[in-house]
Amino acid sequence: MQEKLKVGIVCPYAWDIPGGVQYHVRDLRAALVREGHDVSVLAPAENDDNLPDYVTSTGRPIAVPYNGSVARLNLGFRSTRRVREWIRNGDFDVMHVHEPVSPGISAVALWAAQGPIVATWHSSMEKSRALQSMFYLAQTVLEKARGRIAVSELARRTLVDHVGGDAVLIPNGVDCAAFAEATPFPGWPGPGKALFFLGRLDEPRKGLDVLLAALPRIAERHPDVRVLLAGPGDADDITKKLPREVADRLTFLGTVSEEDKVRAFHSADVYVAPNTGGESFGIVLLEAMASGTAVAASDLEAFRRVLDNGTAGRHFTNGDPDALADVVNELLADDEGRAEMERVALERAWLYDWGRVTREIVDVYRSVRVPGEKVTEDLRGQFVGRLARNKDSGS
Amino acid sequence: MSWWMWVLLGVLVVVGWYLSQTAGRLDRLHRRVDAGTIALDRALLERGSVAGELAAARLPDPATAAVIGDAVHTVRRTDQNNQLSRCLAESNLTQVLGAAFDEPEAVAECAGYPGGEELMADLESTTRRGELSRRFLNDAVRACRDVRYQWLVRFFRLAGHTPWPEPFEMDDAPPAGFGSR
């Protein structure tokens with residue numbers, strides 16, 4: 001009875017650079033393929049050679065400051081043409097556009113296509129006049145999306161405030177089975193207890209500074225505590241500013257593979273997420289929960305939702321090292337309480353398993369579609385679109 | 001030509017461009033409303049037929065099956081063009097299903113019978129699709145109305161003879177027992 005769909009997914013950020021939206025698209029694609037659907041992904045890429053064959057590249061992205069950090073996006077005439085080609089040749093039953101308000105190929109794809117289109121909002125934004133005017137201009141394009149999904153309540157609110165209208169909430173997925181089992185690194189976590197931090201070392205919003213400031217206070221109660229750190233950034237820059245006493249406790253893994261990330265979760269007693277802002281969902285928290293590692297996270301709204309207000313993990317006041325130290329100390333000292341919390345967290349993580357999330361997304365696909373309908377190119381009233389078309393057929 | 005004729009010409013061009021853009025936009029929005037209506041009709045129809053199968057299989061128990069069967073029958077008898085009676089009949093089916101599957105145990109028991117697993121999965125999926133389609137339809141209706149309220153659109157009758165879009169209201173809350181698997 002379940003009809004198999006041909007789905008085209010658009011990811012506006014460079015495929016070969018790690019990022020939340022990219023991971024989301026990759027995992028969603030894998031889950032859709034497992035269900036028997038046929039999926040093609042369109043994304044920019046730094047290097048076209050190493051792409052998996054389901055990804056169509058729109059060329060090298062350029063760095064653009066966007067929404068408080070730097071995003072690598074595709075702009076310009078050439079990528080527009082590739083988007084149109086992909087839509088024309090794809091013969092898709094559904095087109096699924098991610099982060100449609102980012103100034104990149106997602107907006108272009110929305111503009112260039114018509115038919116059964118679904119859009120997913122990932123990030124949250126503060127209200128601003130500049131954005132407001134952009135949303136007004138983009139409105140005619142955004143309203144092409146027949147079904148809108150927000151991955152978090154914050155992302156949903158961004159959409160409702162800026163664009164108006166409605167969106168259904170379907171959270172990010174996590175591949176729970178992939179995190180369930182792993183061999184810890186040799187010697188970890190060890191009797192002296194270990195913490196784990198994951199994220200860019202030099203990105204202030206990831207909050208590494210808060211964790212480092214809290215370490216002396218944690219070491220007072222747990223003198224042999226060690227910290228595992230994974231993420232891009234220069235380790236020497238971090239350690240040279242720190243007293244020996246703190247620096248010696250740190251072990252840097254650098255950028256880690258998926259496999260090593262899972263091992264790292266299993267190598268720690270507590271996963272610490274000291275993020276100070278910029279998080280609209282908190283997928284890493286779910287990964288820690290699926291690994292069975294206790295979570296201590298700042299009290300960002302997004303984190304409070306994932307941890308169900310402190311039942312599936314502990315919160316500390318955002319940006320407060322002393323509060324962080326107290327929470328971590330308490331967790332490390334209470335083995336039984338920690339195990340109980342890990343059990344509750346694991347159960348909660350399965351509510352976000354990709355299998356379940358994908359079923360809901362497929363229901364969205366089927367709710368925006370008239371049987372037999374396809375995604376087609378939209379050329380109406382689009383001068384630039386016609387130019388691109390003519391140039392293609394002429395060559 | 002004197003200057004004011006140029007100005008007039010400019011205004012005409014801008015208005016003409018705006019009207020052609022808006023006509024295209026409106027056409028798209030009407031198609032979005034149509035697609036939403038069709039998807040909702042289909043989801044509700046499928047929900048009705050899955051619920052009917054449940055009732056025919058005497059699941060979850062004969063008494064509940066009879067009530068579900070009756071609600072399905074009412075839905076089928078209802079005039080599809082009468083919004084109000086349709087809304088009442090569909091909402092009635094929602095409430096009956098809600099009462100039958102008010103806890104995960106009831107769903108699990110039903111899924112335990114031969115063929116029950118698939119029926120319950122279908123019922124859960126069609127229920128969710130009905131809910132989604134209705135939200136998408138009403139969102140499309142709102143967007144479409146926003147454009148049709150514009151005075152230029154009304155003055156130039158850009159909507160043609162397309163009927164005024166109507167939202168569909170009904171109770172489509174999923175049964176409390178769903179969503180735990």
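**View 1. B:Met5 sits in helix H1 (residues 3–56) of chain B.** Helices here are DSSP runs of H or I with at least four residues, and strands are E runs of at least two, numbered from the N terminus. This is a predicted model, in which local features need pLDDT of at least 70, side-chain atom pairs count only at pLDDT 80 or more, and totals for chains, interfaces and linings use all residues. Residues are numbered from 1 along each chain as its sequence is written, while chains are lettered from A and ligands numbered from 1 in the order in which they are written.

**View 2. Is B:Met5 buried or exposed?** B:Met5 counts as exposed because it has 9 C-beta neighbours inside 10 Å. (Buried means 20 or more other C-beta atoms within 10 Å of a residue's own, exposed 12 or fewer, and partly exposed in between, with C-beta atoms placed from the backbone.) From B:Met5 to B:Arg76 the C-alpha to C-alpha separation is 63 Å, across 71 residues of sequence.

**View 3. Helices H1 (residues 20–34) and H15 (residues 354–367) of chain A pack at about 80°.** Their axes, lines fitted to C-alpha atoms over the stretch in contact, lie 10 Å apart. The two helices are therefore roughly perpendicular (65 to 115 degrees). H1(A) brings A:Asp27, A:Leu28, A:Ala31 and A:Leu32 to the contact, and H15(A) brings A:Trp354, A:Gly355, A:Thr358 and A:Ile361; contact means C-beta atoms, placed from the backbone, within 7 Å.

**View 4. Chain A holds 16 helices and 17 strands.** Of its 395 residues, 49% are buried.

How values were computed: Axes fitted to C-alpha atoms, helices over the stretch in contact; angles between N-to-C directions. Parallel < 35°, antiparallel > 145°, perpendicular 65-115°, else oblique. Contact = placed C-beta atoms within 7 Å.
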